[in-house]
Amino acid sequence: MPIDSTPLIKVFQLEREKGYTDSAVFGGLDKFIARWAAKAEGAITDRRLLSRFRQLHLDRPGYALLTREQRRQWLDDVISFVSEVEKAADKRGKATPPPMPGKPPPRPAKRAAQAYQSLDSSITAIKGVSSSLATSFGKLGVTTIRDLLYLFPNRHLDYSQRKTISQLVEGNEETIIANIWQVRQVMPGGRRSTEAIVGDETGNVRVVWFNNPYLVKQLATNNQVVISGRVSIFKGHPVFQSPEWELLEDRELVHTGRLVPVYPLTRGLKPRQVRKLMKEVVDRWAPQREDFLPPELAGRRNLLKLPQAITQAHFPENEAAKSRARVRLAFDELFLLQLGVLGQKRQWQESQPGSPLEIDRSFLQTWIKTLPFSLTGAQKRVIDEIMADLSKPKPMSRLLQGEVGSGKTVVALAVLLMAAANGYQGAFMAPTEILAEQHFSNICQLLSQAGHQEAKEDYLHRYSGLLDRPITIALLIGDIKGSRKQELQQQITTGDIDIIIGTHALIQKEVSFHRLGVAVIDEQHRFGVAQRQALRQKGFSPHILVMTATPIPRTLALTLYGDLDLSTIDELPPGRQEIKTRWLKPTQRESAYNFLQRQVAAKRQAFIICPLIEESDAVQARAAVAEFEHLSQQIFPQLKLGLLHGRMSAAEKDEVMGRFRSTKLDILVSTPVVEVGIDIPNATVMLIESADRFGLSQLHQFRGRVGRGQEQSYCLLLAENPSQIGRERLDIIERVQDGFELADEDLKMRGPGEFFGTRQSGLPDLRMARMSDVALLEMARGEAERLFAHDPDLKNPEHQLLVKEMSRVWPREGSEWS
């Protein structure tokens, strides 16, 4: 009978309309397509079409694991195939004949060997990888064969040094090759387990695998076995407990007798299973990985070939080979990153002329004199650097970093006022509504001291006396009600508002600027590259100033933010005190609570940060509510406590912050949303629960919420049972006050990917690069600059594989890398 393609085509059309989101049928397309394929396969008699049917893997499509572009391509291929089948049926003019009477229908052929696989094929194309196993790998970000190749081990166990049984040392990780003399099932502690007695020319040793009775069938007497694991002593004799093992056969060892990889795991993945699969994948696919580095560069820098580097990173011959592999792969990451950020900078600055501003120094000095404080030398230097950029015909791209409280907001206001003085609009984008409202409040306060407030409406103020016309400043956040928000958006479009402060609301399509000249983005690592680009596209090449209170070592800043020039406020205003920081043991919790009560009795205020919970905002919010109820009812019943968490509306957050700021609350219990920017001069105590779960830079940000007034301030760190790394982190934050030194330590401990959350930032993942790779960072930047100098558009034939890799790592919308 002919295949019925109508329901399939209808579903595919709906899926296309929905943007390839795997939502055209309930439960996803995989089951629907597999059911259709099971019916269709028997109806296809043409050998060529049957071969094509199997190449498309319609019986096990793995559609859910594909990227959106891969889904589009695959659906197009299937529709093309169905069209071919229908044409073939039309030519025959009749349906496939039924089977002969008394003869059973032909059984569907077994799945043909996987043809036309590529590195971008789903991992379900690999023999033995089921959909459930693929789902487990998906949790590690692995969906394709390429992803598997780049799923590098966390570490290697050194089982390469073989010992005899007589040389075994208690507590050491040892490897032996021995004969199996006896294998039996045992029941230690009621647990079904396997016990073996193995021996070599120097003696015998007992081996036990707990909770694993199945090995009895796999370990046959008189076979030779390789055992690798930690040696312990039981009743005076050495014993291996649940070690790695492999039968000694005529093949390369995977689990023992070598540097053995230890891979990241998640629910559904077992170490031995993953290691075996990775060995097969690396052997089969690493040689097919194209080496995209220009041969001249790789030779000049003495770098391994890419297939060899991938192989040695997974299953190294020795430590030296492992080290060389890491250098090559780390260089690749940093080199591609540098090409991307430098390419963005070139495209941004050279393809789009900027709008040079006329710098009115007298206006700037007059305004600075109205400030209620003196600028530090660092603030003055940074303002000069930025003003020099603003006067140039190419758009500014600058990163301004400075400690909490170093005065970045004043610098930002100078930039926004200079734009207004030139008839341009200025946008100031903050990562949270709380911070946007605080910037709006602080900037309005500074402007009211410099001029006269002419108007004060909801979310809009107007000041005269600064320029020859009034300056209008507005706040635009998601929580503003519909009609008022539309009014503000309209005034932005007509140019009636000079300075707009907001959140992500500023990059929504409803917001259209009249003449955007400057965009300031606060707390850069909260925003992705795409969001930064979206704000740029709101104006004709506006000048961009990115600000962060997370200190970044200069080399790293130039690497991760290679598209930005760097300014640093490395000087705090006079009078800022050291915040006394103490890591308290669990037994000191009560004394910490007593200390908070004494501070409140002295008319001070305190923050309490709830533990970090990874699952979701909703879970985090529920935990914060429970903690708040416990503290307010059991610990501080006589004090006034407030609660702040990410699931509250902007109005609710504003109301709580208003009460805390006006001292109507004694203690603010908060989730990590309080990390950025909140300014309460009367707060003197920051108590952080489960402090070992936070990174050093984040702890430093929390600490920066106090110490903003004249009184001595304190940061108390509570941790119930910290890990070794957690203890190291708490020791450092207790000892070190300087943010730049802390950033160095944090990056050494966590690496750049975790420090910046590169997946969220739009930067490629850094898996192999480390912060100790300063020389490698500089080499990669130098090579990227050299490449662009010799071949600015990457047109040379020897650079085409590199262009292809760039397009994969740094996808560009609407344009190519060459």
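In which hand does helix 15 pass helix 21? Helix 15 crosses helix 21 in a right-handed sense, right-handed meaning that the near helix is turned clockwise from the far one by less than a right angle. Before going further, note that this is a predicted model, where local features need pLDDT of at least 70, side-chain atom pairs count only at pLDDT 80 or more, and totals for chains, interfaces and linings use all residues. Residues are numbered from 1 along each chain as its sequence is written, and side-chain values use heavy atoms, with hydrogens and water left out.

Let us stay with this pair. On the helix 15 side, E433, I434, E437 and Q438 meet A650, K653, D654, M657 and R661 of helix 21, contact being heavy atoms within 4.5 Å. By class, this contact has 3 nonpolar, 1 polar and 5 charged residues.

Now turn to helix 13 (residues 377-390) and helix 14 (residues 408-421), whose axes come within 10 Å and cross at roughly 30°. These two helices are therefore roughly parallel to each other, and helix 13 passes helix 14 in a right-handed crossing. Helix 13 brings Q379, V382, I383, I386, M387 and L390 to the contact, and helix 14 brings V410, V411, A414, V415 and M418. Sorted by class, the contact holds 10 nonpolar residues, 1 polar and no charged ones.

How values were computed: Axes fitted to C-alpha atoms, helices over the stretch in contact; angles between N-to-C directions. Helix = DSSP H or I, 4+ residues; strand = E, 2+ residues; numbered from the N terminus. Parallel < 35°, antiparallel > 145°, perpendicular 65-115°, else oblique. Nonpolar A, V, L, I, M, F, W, Y, C, P; charged D, E, K, R; others polar.
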